[in-house]
Amino acid sequence: MDYLLDVQDIHTFIGQYHILQGVDVRVPKGSITALLGRNGAGKTTTLKSILGLTPPRQGRVIFEDRAIQGMHSFDIASLGIGFVPEHRAIFRDLSVEENLKIAERKKDDYVRKRDFIFSLFPDLKRLISLSGTNLSGGQQQMLAIARALVADNRLLLIDEPSEGLAPVLIEQLMKAILQLSAESTVVLVEQNFLVASQLAEYYVIIEEGRSVKEGKMKDLINDKDTIHRYLGAA
Amino acid sequence: MAKDTLFSTLKQNQGMLFTLLVFILLPFVVGLFNGASPAQVWLNESGHSKFIQGLAIEIFILALYALSYDLIFGFTGLLSFGHSMFFAVGAYLTGILLKSFGFSLAATFGMLFLAGIVQALLFGMVLPRVKGITFALVTLGMASVFHVLVISTELGEYTGSDVGLQGVVVPAFISPASERLRLYFVTLTILILVFLLYKRFVNSPTGRVCTAIRENEGRALMLGYNTFFFKLAALMLSSLTAALAGGLHTIYQPIVSPNVAGLGYTVTALLIILIGGVGTLNGALVGAVVFRLLDYGLRRYIGESASFINGAIYVAIVLFLPYGIVGTWKLKSMNLRQGWDRLLGMLNTASKEK
């Protein structure tokens, strides 16, 4: 199969702690892959290690047939990887439009992508001149995702998109993620198994810093044993 | 159509234009109040007008200096405790080149430009290695080294050590004694040009990245920005401006005191933008006016205890206008109540500690 991203046995340390102790993630092109696992299993660290924010000490990260481990974060991002961090990490001092413009990597990225972005998140168009502080939690999350869509990113890493959002907003967000996955490949960290199972085509389960199981989501849904063992009651 | 856009630009900037008009007319109006005709003011024959021009020149220079600090601290979020070095290097270099080496004014300002770049690179060297308060302390260290150099007796021949640099001969056409009105308009023009440049910079894509870095450098990184170069660009512009302000300071002041190289002078910049409003360009201008006039007024009418009252006023400003004058104006809420609560809270903890 053709993998857009291939993470091979990475080990990441934060300070003296050995957080990732061998994580493999293979992401087929054009799919949505969910990283599952309990709190503190290392899902977010895996995303951060891909982007070089916490560089892996061992192992390889291959993006579009190119080893990217050990590169600077800003260089990795420039290759075409968009990151949507958890907790709606937008720039509160900038307006909605400025938040989007700042993500431009080529001139007029924003003008080119504007219509697509506003078709996914119609709310943002209305709020375009508002500063980030004045957005609600859901709007901030939409903006954080929208920001990652401005540049030509072939891969989107989305961390906990549904965290702390009202059910209505989660549905809206899921629709948007499904739509945007037509344009780029998505890797998703998601605590809410219901959300993850409806979005993702593939899954990787991470347990205590190791990837322990991977496969197709539709097989996992019926595999009550695995779900119970690694994800708790779901 | 072109007329309409011109009109709307004028209307949008009416506050700025009005301020500008005030400063253009100021020397002449002050002259009129003291019975000097505009012609006399023009020929620098009105003593009182000259005095006010002098005060205004000092304010313009302070405003330039405060703007330069606001760019790195207020917009980019770099807390530097060594900012006075940028200013002092400009001031001393101008004095020494003019006095001891007989440079022309143009050549001196050329050297100032170089010095500004070198200083920014010097700070830039430590930029990727230290962050936050550590950056503040390292820059404080560098500025202290310069301060020690300036007051050392070994270099006294050039710097005048702890007495200060005196006897700089300023070219006659811009001399603060005989051509003060010209110097007034030169500094005013420089301030306006720098202000417009800064306005352009902070509203440019580069400026927005600087704001983003202030808020959260990690987020700027993961968008694919090499934040180091943006911080360096801000530092570069800032140090050039501060060096220019220092050069003008030497031209205007008969003596360059080593105080301008000390930590106190960095605090001056910080104070000015705190008064005016951190992260607002107008705030640096308003802050400079308030700071200088307060200082002058209190010293003149109260005398020795002026600094005590000055300090009390600054504490009050921080308590009641935490966003500074311009910042509070923009928010359109004074919230005096919160200020009282803060003050009472402060006094409460103070009395409990006894």
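Guide: In helix H16 (residues 324-331) of chain B, the buried residues are Gly324(B), Val326(B), Gly327(B) and Thr328(B). The model under discussion is predicted.

Visitor: What covers the buried residues of H16(B)?

Guide: The cover includes two helices of chain B, namely H13 (263-276) and H14 (281-301).

Visitor: H14(B) also packs against helix H9 (residues 180-203) of chain B. Why are H9(B) and H14(B) called roughly antiparallel?

Guide: Their axes are 10 Å apart and the packing angle is about 150°. Angles over 145 degrees count as roughly antiparallel, and H9(B) and H14(B) are therefore roughly antiparallel to each other.

Visitor: Which residues of H9(B) and H14(B) meet?

Guide: From H9(B) come Leu191(B), Phe195(B), Tyr198(B), Lys199(B) and Val202(B), which meet Leu281(B), Asn282(B) and Leu285(B) of H14(B). By class, the residues of this contact divide into six nonpolar, one polar and one charged.

Visitor: How do you know that helix H2 (residues 14-33) of chain B and H4(B) are roughly antiparallel?

Guide: The axes of H2(B) and H4(B) cross at roughly 155° and come within 8 Å. H2(B) passes H4(B) in a right-handed crossing. On the H2(B) side the contact is made by Phe23(B), Leu26(B), Pro27(B), Val30(B) and Gly31(B), and on the H4(B) side by His48(B), Ser49(B), Ile52(B), Gln53(B), Ala56(B) and Phe60(B). This contact has seven nonpolar, four polar and no charged residues.

Visitor: What makes helix H5 (residues 83-99) of chain B roughly parallel to helix H7 (residues 132-151) of chain B?

Guide: H5(B) and H7(B) pack at an angle of about 30°, with their axes 9 Å apart. Angles under 35 degrees count as roughly parallel, so H5(B) is roughly parallel to H7(B). The crossing of H5(B) past H7(B) is left-handed. In it, Ser84(B), Met85(B), Ala88(B), Val89(B) and Tyr92(B) of H5(B) meet Met142(B), Ala143(B), Phe146(B) and Val150(B) of H7(B). The classes represented are eight nonpolar, one polar and no charged residues.

Visitor: Which residues touch the most other members of the largest nonpolar core?

Guide: Leu36(A), Phe121(A), Met217(A) and Leu67(B) do so, in a core of 136 residues. Helix H4 (residues 47-75) of chain B gives the most to this core, with 15 residues. Apart from this core lies another, of 27 residues, among them Leu35(A), Ile68(A), Leu155(A) and Val204(A).

Visitor: Which residues does Phe121(A) touch, not counting those up to four places away in sequence?

Guide: Phe121(A) touches Met142(A), Ile145(A), Ala146(A), Leu149(A), Leu173(A) and Ala176(A).

Visitor: Why is Leu143(A) called buried?

Guide: Leu143(A) has a relative accessible area of 0%. Buried means under 20%, so Leu143(A) is buried. Leu143(A) lies in helix H6 (residues 137-150) of chain A. Residues up to four places away in sequence aside, Leu143(A) touches Ile90(A), Val96(A), Asn99(A), Leu100(A), Leu124(A) and Leu135(A). From Phe83(A), Leu143(A) is 60 residues apart in sequence and 12 Å apart in space, C-alpha to C-alpha.

Visitor: How do you know that His249(B) counts as buried?

Guide: The relative accessibility of His249(B) is 11%. The limit for burial is under 20%, and His249(B) therefore counts as buried. His249(B) is found in helix H12 (residues 227-252) of chain B. Apart from neighbours within four places in sequence, His249(B) is in contact with Ile61(B), Phe87(B), Ala91(B) and Val260(B).

Visitor: Why does Glu64(A) count as partly exposed, and why does Glu208(A) count as exposed?

Guide: Glu64(A) has 32% relative accessibility. Glu208(A) stands at 60%. Exposed means over 50%, so Glu208(A) counts as exposed.

Visitor: What phi does Glu64(A) have, and what phi does Glu208(A) have?

Guide: Glu64(A), although not a glycine, has a positive phi of about 50°. Glu64(A) is in the loop between strand S4 (58-63) and strand S5 (66-67) of chain A. Glu208(A), also not a glycine, has a positive phi of about 45°. The place of Glu208(A) is the loop between strand S9 (202-207) and strand S10 (210-216) of chain A.

Technical notes:
Residues numbered from 1 in each chain as written. Chains lettered and ligands numbered in written order. Predicted model: local features only at pLDDT ≥ 70, side-chain atom pairs only at ≥ 80, totals over all residues. Heavy atoms only, no water. Core = buried A, V, L, I, M, F, W, Y, C linked by side-chain atoms within 4.5 Å. Buried < 20%, exposed > 50% of the residue type's maximum accessible area, 1.4 Å probe, protein only. Helix = DSSP H or I, 4+ residues; strand = E, 2+ residues; numbered from the N terminus. Contact = heavy atoms within 4.5 Å. Axes fitted to C-alpha atoms, helices over the stretch in contact; angles between N-to-C directions. Left-handed = near helix turned anticlockwise from the far one by under 90°. Nonpolar A, V, L, I, M, F, W, Y, C, P; charged D, E, K, R; others polar. Parallel < 35°, antiparallel > 145°, perpendicular 65-115°, else oblique.
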